[in-house]
Amino acid sequence: MFWVCVFALIKGVFFMDTFLIIDGNSLVNRAFYALPPLTASDGKYYNAVYGFVNILARVITDYHPKYLCVAFDAGRKTFRNELYADYKGTRKGMPDELAQQMPVLKDLLTKMGITIIEKLGIEADDIIGTMVRKRTDVKNVIVTGDRDCLQLINENTEVWLTKHGISDIVEMNERHLLEEWGLRPSQIVDLKALMGDASDNIPGVLGIGEKGAKSLLVEWDNVDNIYANIDKISGKVQEKLTNGAEMCRLSYDLATIRTNCDIDNKVEDCTYTFPWDNEVYSLFEQ
């Protein structure tokens, strides 16, 4: 009986089913800008679709996840724009050459039997955050180029960051995050609250950069503790924090990925068939 229990424990730790969830917008954008503007005989662009499917096929064949889905943004306006009208306000619109590929990609994913999840008013990050918190008995793997998702790392959730376009993947877990960034997952939100995020137009505290933000977190652990001990912080840093307190709180809220969104999809429904059928391969050729 002892060895049966030991085997069950080992199986639970090392042979957990894997749920792979892909940040669709992040990956398709990286593929689009990483690859030359490839066109087919019909003159339409397919470089983003080509790059996306390449990395998708790679992770499927290398890691054989049991469950798989792709999360997309649905529209530009979300609840964060109600909190801060200028959220993502500095971003340019999607290029036409990429926009024309989105329906092609989604149709291809559907024919591949891969679950697509998108919902108006909710960002892909929040869909991902909600899905990876639905079950604790699977190993969650998030594939993205967006470092915001590092806050979702825990004992059964990893983030695989795409780097150098889409050619490299860096697997991040709690240990790697601490080694490379000197932070815990929960501190990613604190970091953005302090330093802001230019890509999402999150303001942060004026005058506090990444180095200064990390120093504050090393000493005080989190934003709440920093402001609870503001009298112990001297000089210009105290002045910046005091003047930027309201924006810091707002930025914290903007940077926090929601994990309790109203998403009907279940992890166990995100199954797929692989290898794909002839119809899919004919689309690859096309």
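Buried denotes a relative accessible area under 20%, exposed one over 50%, and partly exposed the range in between, computed with a 1.4 Å probe on protein chains only. The views below show a predicted model, in which local features need pLDDT of at least 70, side-chain atom pairs count only at pLDDT 80 or more, and totals for chains, interfaces and linings use all residues. Residues are numbered from 1 along each chain as its sequence is written, and side-chain values use heavy atoms, with hydrogens and water left out.

**View 1. The ring pair of Tyr63 and Trp160.**
By the ring-pair rule, the count comes to 6 aromatic pairs. Tyr63 and Trp160 have ring centres 4.5 Å apart and planes at 55°, so this pair is tilted. The two residues connect distant parts of the chain, with Tyr63 in helix α3 (residues 47-63) and Trp160 in strand β5, 97 residues apart. Tyr63 is partly exposed at a relative accessible area of 40%, whereas Trp160 is buried at 3%. Rings of Phe, Tyr and Trp (its six-membered ring) pair if their centres lie within 6.5 Å; planes under 30 degrees apart are stacked, over 60 edge-to-face, and the rest tilted. Helices (H or I, at least four residues) and strands (E, at least two) are DSSP runs numbered from the N terminus.

Phe274 and Trp276 form an edge-to-face pair, with 4.8 Å from centre to centre and 85° between the planes. Phe274 is partly exposed, at 33% relative accessible area, and Trp276 is buried, at 8%. Ring pairs join Phe274, Trp276, Tyr281 and Phe284 into a cluster.

**View 2. A lysine over the ring of Phe72.**
Lys106 lies over the face of Phe72, 4.9 Å from the ring centre. The criterion for a charge over a ring is NZ of Lys or CZ of Arg within 6 Å of the ring centre and within 35 degrees of the ring normal.

The structure holds 19 salt bridges, each being a side-chain nitrogen of Lys or Arg within 4 Å of a carboxyl oxygen of Asp or Glu. Arg135 and Asp137 meet through their side chains at 2.9 Å, N to O. Arg135 counts as buried at 19% relative accessibility, while Asp137 counts as partly exposed at 46%. Lys139 forms a salt bridge with Glu158, with 3.7 Å between the closest N and O atoms. This second pair links distant parts of the chain: Lys139 belongs to strand β4 (residues 138-144) and Glu158 to strand β5 (residues 157-163), 19 residues apart. Lys139 is partly exposed at 29% relative accessibility, and Glu158 is buried at 16%.

The side chains of Lys236 and Glu239 form a salt bridge at 3.8 Å, N to O. Both residues lie in helix α12 (residues 235-243), 3 residues apart, about one turn of the helix. Lys236 is exposed at 58% relative accessibility, and Glu239 is partly exposed at 41%. Elsewhere, salt bridges with shared partners join Arg80, Lys88, Glu123 and Asp126 into one network.

**View 3. The largest pocket.**
About 1,300 Å³ of space lies in the largest pocket. Its lining has 49 residues, of which Asp73, Lys88, Arg91, Ser199 and Asp200 lie nearest the centre. The elements giving two or more residues to this lining are α2 (24-34), α4 (79-83), α6 (102-111), α7 (124-132), α9 (187-195) and α13 (245-255). The largest share, 5 residues, comes from α2. By class, the lining has 18 nonpolar, 12 polar and 19 charged residues. Here Ala, Val, Leu, Ile, Met, Phe, Trp, Tyr, Cys and Pro count as nonpolar, Asp, Glu, Lys and Arg as charged, and the others, Gly among them, as polar. On a 1 Å grid over the protein atoms alone, a pocket is an open set of points where a 1.4 Å probe fits, with protein on both sides within 12 Å along at least five of seven lines; lining residues have an atom within 4 Å of a point. Grid points are joined across faces, edges and corners, and a volume is the space filled by probe spheres set on the points.

**View 4. The second largest pocket.**
The second largest pocket holds about 470 Å³ of space. Of its 17 lining residues, Tyr46, Val49, Leu283, Phe284 and Gln286 are the closest to its centre. Helices α3, α6 and α14 (278-285) are the elements that give two or more residues to this lining, and the largest share, 4 residues, comes from α3. The lining divides into 10 nonpolar, 3 polar and 4 charged residues.
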